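Hello,

Here is the structure I said I would pass on. My notes follow below it.

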Amino acid sequence: MNPTTVHTSFAELRDRLLPDAATGSGGPLDVLDPATGEVLTSLAAATAADAGAAVDTAAGALRSWAATPSRQRADILHRAYALMTERGGELATLISLENGKSRPDALAEVAYAADFLRWSAEEAVRSDGDFTPAPAGGTRAIVTHRPIGVAALVTPWNFPAAMITRKVGPALAAGCTAVLKPASETPLTALALARVLRDAGLPPAALVVTPTLDAGAVVGAWLADDRVRKLSFTGSTAVGRRLLAQAADRIVNTSMELGGNAPFVVAPDADLPAAVAGAMIAKFRNGGQACTAANRFYLHVDVLEEFVRRFGAATAALTVGPAADPATQIGPLINERAVTEVDRLVRDALARGARISHRAEAPRTGCFYPPTVLRDVPADAQVVTTEIFGPVAPVVAWRDEDELLAMLNGTEFGLAGYVYSGDLRWALRLAESTEAGMVGINRGVVSDAAFPFGGMKQSGLGREGGREGLRAYQETQYLSVQWD
Ligand code: NAD
């Protein structure tokens with residue numbers, strides 16, 4: 001990398017966190033600070049030719065990495081976890097610089113991201129197979145799980161570290177090598193994580209990072225390459241759909257973590273202070289730029305007024321500003337386009353009869369949007385049916401369970417949901433009737449490396465983390481053995 005540095009904080013971080021290797025042979029990829037619009041640095045972007053060279057490298061390393069005993073692979077991942085934790089403060093600064101998220105959000109992301117390395121290290125040595133007599137008799141079956149091959153990983157900007165370790169951890173644990181295309185907005189965190197893994201003992205060729213401005217060309221080259229056997233994508237449903245179609249040409253094994261539209265349900269018997277605390281996390285973590293973000297709030301009419309009063313007061317009290325300010329709780333959105341889109345959704349709701357019940361202050365320059373609670377929102381307003389990806393909470397009233405369920409499931413998305421109720425049996429019944437891959441019950445956060453993360457319907461295919469995470473990077477092979 002040959003960065004033209006214009007930011008002193010970044011300059012201080014660069015030597016310690018970022019590798020010195022060149023990233024590509026293409027034109028400049030400017031990395032911006034979303035709080036100021038300032039160019040932090042400029043990288044040489046990867047081209048389609050660089051994408052091919054990345055696969056050459058990863059494919060060249062595959063045999064030896066796959067043959068490395070899983071205990072050694074686990075040891076490297078354990079060391080990477082420790083190093084990432086040790087460098088946590090600096091990594092959080094880097095994340096805040098290129099993504100804009102507040103210091104508490106960035107620190108929380110580093111801890112969450114590092115946990116995928118630890119969990120993957122623990123899973124690496126527990127890839128059980130099977131040996132069993134065939135039911136028909138006479139033969140024995142051996143079932144094993146082996147690395148699928150070179151994995152192509154494509155990640156978004158909203159969790160620039162965690163969305164990478166959630167893929168890289170299990171891929172390396174399984175014995176795969178990988179090529180990684182991070183979001184063009186946040187390539188520096190990806191490069192810093194590759195450095196962490198290298199410093200932990202990973203052969204550099206086992207993970208090649210290719211930041212680019214031409215995602216279509218780079219990922220297209222990978223999907224056309226016979227040596228690439230896996231595509232793991234996290235991003236929008238629209239792009240996921242296109243990549244699935246492309247992957248169909250060579251029947252590439254795919255995992256898709258796509259968009260969400262999580263409902264947040266409050267029942268009349270809910271503990272309201274707890275529900276408000278959960279709502280603050282579910283809505284405002286990362287400024288609402290999370291696939292699991294609560295996107296629509298369904299309040300039982302009996303508790304709507306009190307919830308809105310409490311939740312609104314907490315929302316209006318949020319401190320919005322640049323991550324560099326230690327008081328900041330909510331940072332900027334990723335870019336101007338995001339601000340314009342969130343504003344469009346709010347204006348559309350207001351035109352349809354919604355009202356702003358509470359709103360925080362936000363700086364007028366930079367990509368900031370004030371945290372906002374909307375009430376009297378029609379259930380079919382775009383702000384309810386579309387993934388907002390910003391700090392806006394539309395509140396809709398519900399009266400009976402059938403009406404509620406129809407609203408919960410009346411969407412093509414099915415990633416996450418949240419239910420607050422004093423009656424656990426009711427909450428469980430509702431959760432089991434909700435078409436969502438993850439439901440938080442009396443909790444405002446579901447993400448945990450130890451459990452399967454993923455969506456139903458058009459929110460995705462497959463699961464990351466948990467016991468399932470490793471399997472996504474393995475092929476199952478069955479050997480039928482004549483025994484008599
Ligand atoms: P995005 O789909 O625009 O981009 C995601 C990645 O795909 C980026 O690396 C981007 O460069 C790349 N990309 C874009 N166009 C491409 C193309 N034509 N070919 C190949 N690659 C392409 O999404 P985003 O704006 O970066 O992220 C926000 C979205 O991600 C939201 O919808 C959010 O819900 C989703 N997301 C989902 C999860 C999950 O686990 N389900 C987690 C985080 C984010």
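Where does K457 lie? K457 is in the loop between β16 (438–441) and β17 (460–461); helices (H or I, at least four residues) and strands (E, at least two) are DSSP runs, numbered from the N terminus.

This is a predicted model, in which local features need pLDDT of at least 70, side-chain atom pairs count only at pLDDT 80 or more, and totals for chains, interfaces and linings use all residues. Residues are numbered from 1 along each chain as its sequence is written, and side-chain values use heavy atoms, with hydrogens and water left out.

Backbone: K457 is not a glycine, yet has a positive phi of about 50°. N286, in the loop between α10 (272–284) and β11 (294–300), also has a positive phi, near 65°. Most residues other than glycine have a negative phi. N286 is buried, at 5% relative accessible area, while K457 is partly exposed, at 36% (buried means under 20%, exposed over 50%, partly exposed in between; 1.4 Å probe, protein chains only).

Salt bridges: the whole structure has 20, counting a side-chain nitrogen of Lys or Arg within 4 Å of a carboxyl oxygen of Asp or Glu. One of them joins R16 and E90 at 2.5 Å, N to O. R16 lies in helix α1 (residues 8–17) and E90 in helix α4 (residues 88–99), so the pair ties together parts 74 residues apart in sequence. Another joins K167 and E464 at 2.8 Å, N to O. K167 is in helix α6 (residues 162–174) and E464 in the loop between β17 and α16 (468–471), 297 residues apart. Both K167 and E464 are buried.

Regards
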